[in-house]
Each structure stands twice: as C-alpha cells, then as structure tokens.
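Subject: Structure for your review

Dear colleague,

Please find the structure below, together with its sequence. My notes on it follow.

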Amino acid sequence: MNTVAVKVSEDETRLFGHALITFPQELGSSPRLRLSIMRKSKDAPYLGDAGWQARPATVDAMVVSRSAKSATVVVGPEVCDQIPVDLQVKIAVEGHDIEGSAFWPPIPPSPGAWSQELTPFKTPTPQAIERELEEALEQAVELPRVVETQEQKRQPVQPPKKRRRYLYLLIPLALLVAGGGYYIADSRDWFNKPEPLLARFERLKLTDTDGVELFALSGEAYREGDGGIGLQAINLAMERGNKDAKLEIARWYDPSSFDPTKADRPDANRAARAYFELSVEGQTAAKELLRSLCAKSASSPQDPGFNGFLTDTYCEGTLE
C-alpha cells in the first residue's frame, strides 16, 4: 500500500457537515469513489454508511476536482457527523493502492431539525394604531364643561373661537405624541428581546476573532439543550486560538472527566495531546491536568479509557 500525505479541510462552499479530502495522486476518471476510513478502536474501527462498525466498510465520496497530480473528493454529513474533531483517521481509496493519515479538522455538524427563522419585527395593525390614537386623544384633550343656565338652555352654545383654535392645535399634537409613544414602546420591546442562539452564532462567526464570545455562547447553548450550536461554537473558538475552549474539549475526552453528552468516547491520547500543547504554551491548569492524567494511567492500567495510551509520548520527561 502506497502511503501518501492526505489533506482534509472543511468544504466552505456547502452548508454544514462537508469535508474536502485531497490525495496527491490521480485517481482515475470515475465521478464517485468509495473510501475506507479507519480509526484506532478494538470494537468499531471502520466507518460505514451506518456509522462506526467492527467489519470493514466503505463510504461514498464524490470527486469535485482532479489533475494529473492530485484528486479532491467531498464527503457529506453521513461521514463528517460521525468523526469528532482532532481524531486521527486513516483513509484509503477502494480500488487504488493508496492510503494516508490525517487529524480530522473542526467541521460544523449538519443542523438537523434546527429552525433558522429569526423572529420578525412586529408591525402594528391599523386597528391597533387607531385605538391607541383614540385613547391618547381622550387623555390629552379634555373639553371644558359648561354649566347651563335656564337662558343658555334656550340658546345654542358655541365654543369660544380662541378655545376652538387651541383645540385644533392640540388634536394633531396628541396624534403625534400618541403615535411616537407607541413606536418607542414597541422599539424598546424589540431591543429588549434576547437574540436567538443561532443568530448570535452567525454574528460571532463574523466578528469574534479570538473566540472568547464563541466559547461563552457554547456554554450557554449547552445549558439550553442546543448541543449543535454548542459544539460548533466551541470548535470554532478553539480553531481561532482560544485556549479555554481547547482545554474544555480536552476535559470532555479525559477518562477522569469524560462527558458522554459531548464526546463519543474517552480518548486519553486526545486529551493528553491538548494538555501537552497548552502546557508548552504556559497554561498551568493544563500542566496539572496532564500530570493527573498520567498518574491515573499509571494507577489504573486496566481502565479501558487508557487503551493505546501513549505514555512514553506524554508522561515521560518534564514540562518544567
């Protein structure tokens, strides 16, 4: 089998859950290929159409570009949604003597049944506006009461001209005040409404360059039960260099703090790799977590969470 350097990246031309896989070799003329994607696992090392499984399997891929020296294929959510970020996988092409390894990049999962509709601006109906203006007019303009005498009862009463002129000035003023008050109150209600999680995520994708707000949004999304946005936000925060996001993801996979709601399985190597990189960058918390992970591995060698753990790589030597 010819081993080559395989490149995996997100396909940004498609919405959610698509990856581009580039091989440095021409792969024939067929528009579609079958890929064998494998991971380190004793129980389910092969990725198939139904997910990870024990028996050898392949997945479908579509060729999107090719040249004399390379070929690029795209795989969709049925593949990408099954592979966690930073998992090392081996990829081979069925019918071709070629394979390569790569660490899976952060790729947003398919949105599933999310609703991507934002709350529309509330437009007042003409009947509501008319009712508001009538109420405001009644409060703003109070006509003076005239005490009638016996003589006045016999004669029609005419309002004084000056008072009538003031009344004509007050009516449009009352209408203006009432209408302005209605729209000001309605605008306040609009701006006080919390921004939907999906809208915030889409905005922060464009504005949050250091991942601080994306990391905070991820925690809020998980607390509200929206794991899709939570996972996308924290992966994007880590991709933009946020160390807190990277440390949090590592803790999900650490056998000592494994979170089954956010990670598919304990992965001591993945956690140790992140701890090690953060320790080298001077993060004290990561250094202590790596030491704890190594101590746990030494005291519990039969723990299945440490199967295949690279002790020599992460636990030998010193970080001082």
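Angles under 35 degrees count as roughly parallel, over 145 as roughly antiparallel, 65 to 115 as roughly perpendicular and the rest as oblique. Please note that the model is predicted.

Helix packing. The axes of helix H7 (residues 227-239) and helix H8 (residues 243-253) cross at roughly 125 degrees and come within 8 Å. H7 and H8 are therefore oblique to each other. On the H7 side, the contact is made by Leu231, Ile234, Asn235, Ala237 and Met238, which meet Ala245, Lys246, Glu248, Ile249 and Trp252 in H8. By class, the residues of this contact comprise 7 nonpolar, 1 polar and 2 charged.

Nonpolar cores. The largest nonpolar core contains 30 residues, and Ile21, Phe23, Leu35, Ile37 and Trp104 have the most contacts inside it. At least two residues of this core come from each of several elements, including strand S3 (19-23), strand S4 (32-38), strand S7 (59-66) and helix H1 (77-80). Beyond its neighbours within four places in sequence, leucine 35 is in contact with residues that include Ile21, Phe23, Val59, Val73 and Ile91. A second, separate core has 18 residues, among them Ile229, Ile234, Leu236 and Ile249.

Serine 297. This residue lies in helix H10 (residues 284-299). Is serine 297 buried or exposed? Serine 297 counts as buried, because its relative accessibility is 11% and buried means under 20%. Apart from neighbours within four places in sequence, serine 297 contacts Phe306, Phe309 and Thr311.

With kind regards

Conventions
Residues numbered from 1 in each chain as written. Predicted model: local features only at pLDDT ≥ 70, side-chain atom pairs only at ≥ 80, totals over all residues. Heavy atoms only, no water. Axes fitted to C-alpha atoms, helices over the stretch in contact; angles between N-to-C directions. Helix = DSSP H or I, 4+ residues; strand = E, 2+ residues; numbered from the N terminus. Contact = heavy atoms within 4.5 Å. Nonpolar A, V, L, I, M, F, W, Y, C, P; charged D, E, K, R; others polar. Core = buried A, V, L, I, M, F, W, Y, C linked by side-chain atoms within 4.5 Å. Buried < 20%, exposed > 50% of the residue type's maximum accessible area, 1.4 Å probe, protein only.
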